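Thanks for coming, everyone. I'll keep this brisk. Please have a look at the structure first.

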Amino acid sequence: MSQDADYLTDLLVVGGGACGFAAAIAAHDAGIDVAVVEKLDRPGGNSALSTGSVPGAGSRFQREAGIEDDPERMIADLIAVAGPHEADPLTRLMAEQSAPLCEWLIDDLGARMELVTAYKHVGHSVPRLHAPRSRRGRDLVDDLLQFTEARDIPLAVGNPVRRLVVEDGAVIGAQIGEDTVACRKILLATNGYAGNREMV
């Protein structure tokens, strides 16, 4: 594999939406060599089509607004809507990291976001969505893209991943067009998985 690889990176992020960019920025700031590939000619994906809302349970912005919330309440809300499932530990992890994520986006990176107090999103018992002031996901993506570019993180748009390269049961790279990218780790930050009924 290493002899055929055209590029080597510590972490390859597949998907240039909000999740992919946030992961790439966090990895870079932790000292990890990272690159992002996006299948479309313009980054953003579904994140750009959304309101860019990120739930954060127990954030400092909620406390400042007098809203009592915590990860346990968020977990209860999520289970009430979706029911228990095989990924319950991931639900807990997501809830526990939700407030630190919102604070990192706003306080550390400088994303133009704020706590939405005008309404509670469906399934949430308290206001906990943090969103761009414009309520446009495109603005969140643009902010994250700016932060990515400022760090000189490589981004290749118009480059769909054709397949993952697996050796001895481990993913060690990806085929992008005719090229093979070797990497120590790969992060799939893609959407639309639920659209593939066979895989679901």
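I'll go through the sheet, the hairpin, the salt bridges and one aspartate.

First, the ground rules. This is a predicted model, so to speak for local features pLDDT has to be at least 70, side-chain atom pairs count only at pLDDT 80 or more, and totals for chains, interfaces and linings use all residues. Residues are numbered from 1 along each chain as its sequence is written, and side-chain values use heavy atoms, with hydrogens and water left out.

Strands here are DSSP runs of E, at least two residues; helices are runs of H or I, at least four; both are numbered from the N terminus. Two strands pair if DSSP finds at least two bridges between them. Strand 3 and strand 5 (residues 129-132) pair over 2 bridges, antiparallel. Proline 55 stands opposite leucine 129 there. As a reminder, strands of a sheet pair through backbone hydrogen bonds, either parallel or antiparallel.

Now the hairpin. Strand 7 (residues 161-167) and strand 8 (residues 170-176) pair in the antiparallel sense over 6 bridges. Valine 165 faces glycine 173 in strand 8. How many residues lie between the two strands of the hairpin? There are 2, and aspartate 168 in the turn has a positive phi of about 55°.

Leucine 164 belongs to strand 7. Its relative accessible area is 31%, so leucine 164 is partly exposed. The cut-offs: buried is under 20% relative accessible area, exposed is over 50%, partly exposed is in between (1.4 Å probe, protein chains only).

Next, salt bridges. The structure has 13 of them. The criterion is a side-chain nitrogen of Lys or Arg within 4 Å of a carboxyl oxygen of Asp or Glu.

Arginine 151 and aspartate 29 form one, at 2.8 Å, N to O. Arginine 151 sits in the loop between helix 6 and strand 6 (155-156), and aspartate 29 in helix 1 (residues 18-29), so this pair ties together parts 122 residues apart in sequence. Arginine 151 is partly exposed at 22%. Aspartate 29 is partly exposed too, at 44%.

Arginine 128 and aspartate 69 meet in another, also given as 2.8 Å, N to O. Arginine 128 is in the loop between strand 4 and strand 5, aspartate 69 in the loop between helix 3 (60-64) and helix 4 (71-82), and they are 59 residues apart. Buried or exposed? Both arginine 128 and aspartate 69 are buried.

Then arginine 92 and glutamate 72, at 2.6 Å, N to O. Arginine 92 is in helix 5 (residues 88-109) and glutamate 72 in helix 4, 20 residues apart. Arg60, Glu64 and Asp107 are linked in a salt-bridge network.

Last, aspartate 139, in helix 6 (residues 137-150). Its relative accessibility is 15%, so aspartate 139 counts as buried. What does its side chain make a polar contact with? The side chain of serine 134, at 2.4 Å. A polar contact is a pair of N or O atoms within 3.5 Å; within protein, one must be able to donate a hydrogen and the other to accept it, and residues adjacent in sequence count only if both atoms are side-chain atoms.
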